Amino acid sequence: MSQHLQSVRGMNDILPAEAEFWELFEEVVSVRLKSYGYKPIRLPIVEPTPLFKRAIGEVTDIVEKEMYSFEDSLNGEPLTLRPEGTAGCVRAVIQHGIANQATQRLYYMGPMFRHERPQKGRYRQFHQIGAEAFGFAGPDVDAEQILLTARLWNDLGLDDIRLQLNSLGQPEERARHRADLIVYLEQHQDLLDEDGKRRLYSNPLRILDSKNPALEDLCAAAPKLIDYLGEASLSHFNGVQQILKDAGIPFEINPRLVRGLDYYNLTVFEWVTDRLGAQGTVCAGGRYDGLVQQLGGRPTPACGFAMGVERLIALIRESGGEPAPRGTDVYVVHQGEAATRLAFRVAEGLRDNAVEVILHCGGGSFKSQMKKADASGALFAVIIGDDEAKTGEVQLKALRDEGVAQQRLKAGNLAEVIIDKLLDSEEEEA
């Protein structure tokens, strides 16, 4: 007996009922992004491996052990399934000269891939919606992106998400902090875990972001990067904070917030929650002014963020905010050759008027078809038999309101009647 094939562990199917909820979620997010001037861009899932090594940094968990990389058998080119979206977006704006066309606000959505041990909220194929703004040097766009996400949480009915802020300053400021941080950590090497010892000289800043509770006191007492910021970096950080204060957005400054990617500078931020266990970050981002030039483009200031779709949907459900599944408008039931021909004309006529219709296929008795009509969630059933076909009429039955009598009416009047009933239903719900 052949073995049933299964999906790859950590790469999950999104079945129809759940996929409909995803579509609603993506629509809400897209509408909000567009309201702030962001335009969609669609990016490849596979990119050249050197792109991520140069952008993310070779001494990072993502590049060292999480990327799905392989060699193209046709030409030997090293390729990688994208582990994040910013690098590919920057590559695209450089390749097509978009960054040279004044300022740009772009957004994208889709799957990302990281080879990790799957657990709740952390999958090997996961989905992100990301936004990137190019050509804005001041703190205004950093703050605007945070205001955008704050407004989005309100759109989604989420109120238990906290904002954390930090500034990573500029490379030369980080270099001075890094040197002092290494000296400090060297004095306490016996307290470091294996991961910390491995990062001590390659990426010591990431030790401060460790989730190991045994390192809590050590990291709390370490030199703080914010104490090494110069006047310009502090002014930028204060500018972000002032806009948020003016808008009434509460936040906390987290000096241990460093992000796991090498390209960040100045502002970094995360939206976090306590309601999803260990995977509590639902949105994260910050400024990366040097990345466009680093990847071969002109010097271009930039700032962006990405949100985890799976985590946000889990949070919406945990908060009781999942919408009830919505059925179609009309289910057309029919039996007999002439009735079937009329049923097709009726269904297409309703669709011409933007009415959602399921036309029964596969035959069956009126009783069995009506059961399927009811199970479909449709608001109305249109019933056509040979008697109706002879007179060009249909039967209209309300499936969600037993108090409404079944109607017999001319097929040509059906669209107008149904549209009126749908409008009345929407007004009652409002």
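In this predicted model, five strands form an open sheet in the order β13-β12-β14-β15-β16, with mixed pairing. The edges are taken by β13 (357–359) and β16 (407–410). Each of these edge strands has a single partner, so one side of each lacks a neighbour in the sheet. From one strand to the next, the twist averages 25 degrees. Strands β12 and β13 run parallel and are joined by 3 bridges. Within this pairing, V330 has V357 of β13 as its bridge partner.

Two helices lie across this sheet. Helix α12 (residues 337–352) lies across β12, β13, β14 (380–384) and β15 (393–398). Its direction is at about 165 degrees to β13. Helix α13 (residues 366–375) lies across β12, β14 and β15. The angle between α13 and β12 is about 170 degrees.

The loop between α11 (309–318) and β12 (330–334) holds D329. D329 has a relative accessibility of 6%, and therefore counts as buried. Residues up to four places away in sequence aside, D329 touches V355, E356, A378, L379, F380 and L422.

A further open sheet has 3 strands, in the order β2-β4-β3. Its pairing is antiparallel. Strands β2 and β3 (68–71) stand at the edges. Each has a single partner strand, so one side of each is left without a neighbour in the sheet. Neighbouring strands here are turned against each other by 35 degrees on average, direction ignored. The antiparallel pairing of β2 with β4 (residues 78–81) extends over 3 bridges. E47 has T80 in β4 as its bridge partner. Helix α2 (residues 49–56) lies across β2, β3 and β4. This helix runs at about 75 degrees to β2.

I45 sits in the loop between β1 (39–40) and β2 (46–48). The relative accessibility of I45 is 35%, so this residue counts as partly exposed.

Another loop residue is G296, located between α10 (291–294) and β11 (302–308). With a relative accessible area of 58%, G296 is exposed. Apart from neighbours within four places in sequence, G296 is in contact with R54 and I94. G296 and R91 are 205 residues apart in sequence. In space, their C-alpha atoms are 8.7 Å apart.

Salt bridges were then examined. The structure holds 18 of them. One joins D142 and R287 through their side chains, with an N to O distance of 2.6 Å. D142 is buried, at 0% relative accessibility. R287 is likewise buried, with a relative accessibility of 0%. A network of salt bridges links D142, R287 and D289.

R162 and E252 form another salt bridge, with the closest N and O atoms 3.5 Å apart. Distant parts of the chain are linked here as well, 90 residues apart. R162 lies in strand β7 (residues 162–167), and E252 in strand β8 (residues 252–253). R162 counts as partly exposed, at 31% relative accessibility. E252 is also partly exposed, at 34%.

A salt bridge between R122 and E116 has its closest N and O atoms 2.5 Å apart. R122 is partly exposed, with 26% relative accessible area. E116, in turn, counts as buried, at 13% relative accessibility. The cut-off for a buried residue is under 20% relative accessible area.

Key: Residues are numbered from 1 along each chain as its sequence is written. This is a predicted model: local features need pLDDT of at least 70, side-chain atom pairs count only at pLDDT 80 or more; totals for chains, interfaces and linings use all residues. Side-chain values use heavy atoms; hydrogens and water are left out. Helices (H or I, at least four residues) and strands (E, at least two) are DSSP runs, numbered from the N terminus. Buried means under 20% relative accessible area, exposed over 50%, partly exposed in between (1.4 Å probe, protein chains only). Two strands pair if DSSP finds at least two bridges between them. Axes are lines fitted to C-alpha atoms, for helices over the stretch in contact, and angles run from 0 to 180 degrees between N-to-C directions. Contact means heavy atoms within 4.5 Å. A salt bridge is a side-chain nitrogen of Lys or Arg within 4 Å of a carboxyl oxygen of Asp or Glu.
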